[in-house]
Amino acid sequence: MKKLILILTLCISSVAWANPMSGSSAAQEWLNIIDAGQYGESWQKAGSFFKSQLSQNKWESILKGIRIPLGKVTSRAELSAKEYSTLPGVPDGKYLVIQFKTEFQNKKSSTETLTLSKNSGQWLPVGYFIN
């Protein structure tokens, strides 16, 4: 019985680790912070690699220049989510790249790409782009 419980625990842990849905939830939560205009908080909740690439003030300035002219989000749907162990320009690790089809008030068709890294058991943003 103990052996069965151990096997089930390992199986459940493996599924939870590989499940990109937890990453999708983290992505949605982080994007909601940006949607609310809380740009400083989004920087604070990003991964250490993200923070090492630009200061909080620079991040806030960039987002104000990009997001404010787009207006409010009117819809957002996940297009894809793919895990990687290597990506260009970042150390090897566990990454999740999620793309969203997003409509803003002032731009009807755009793609948001959010890259998350799994650190200390949680997915944290390390890259964000809008096309």
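1. Let's start with the aromatic rings: this structure holds five aromatic pairs. Take Phe-50 and Trp-59 as one of them. Their ring centres sit 4.7 Å apart and the planes meet at 80 degrees, so we call this pair edge-to-face, the label for angles over 60. Keep in mind as you look that this is a predicted model.

2. Are these two residues buried or exposed? Phe-50 has a relative accessibility of 4%, so it counts as buried, since the cut-off is under 20%. Trp-59 is buried too, with a relative accessible area of 4%.

3. Trp-59 also pairs with Tyr-128: the ring centres are 6.4 Å apart and the planes are at 75 degrees, so this is edge-to-face as well. This pair links distant parts of the chain, as Trp-59 belongs to helix H5 (residues 56-70) and Tyr-128 to strand S4 (residues 122-130), 69 residues apart. Both Trp-59 and Tyr-128 are buried.

4. Which residues form one aromatic cluster? They are Trp-30, Phe-50, Trp-59 and Tyr-128.

5. Another ring to look at is Trp-43. Lys-51 lies over its face, 5.3 Å from the ring centre.

6. Finally, a word on confidence. The chain has a mean pLDDT of 87, with 84% of its residues at 70 or more. Strand S2 (residues 95-104) has the highest confidence, at a mean of 98, while helix H1 (residues 2-18) has the lowest, at 40. Over residues 1-17 the pLDDT stays under 50, and the model has four contacts beyond four places in sequence for that stretch.

Terms used:
Residues are numbered from 1 along each chain as its sequence is written. This is a predicted model: local features need pLDDT of at least 70, side-chain atom pairs count only at pLDDT 80 or more; totals for chains, interfaces and linings use all residues. Side-chain values use heavy atoms; hydrogens and water are left out. pLDDT is the predictor's confidence in each residue, from 0 to 100. Helices (H or I, at least four residues) and strands (E, at least two) are DSSP runs, numbered from the N terminus. Contact means heavy atoms within 4.5 Å. Rings of Phe, Tyr and Trp (its six-membered ring) pair if their centres lie within 6.5 Å; planes under 30 degrees apart count as stacked, over 60 as edge-to-face and the rest as tilted. Buried means under 20% relative accessible area, exposed over 50%, partly exposed in between (1.4 Å probe, protein chains only). A charge sits over a ring if NZ of Lys or CZ of Arg is within 6 Å of the ring centre and within 35 degrees of the ring normal.
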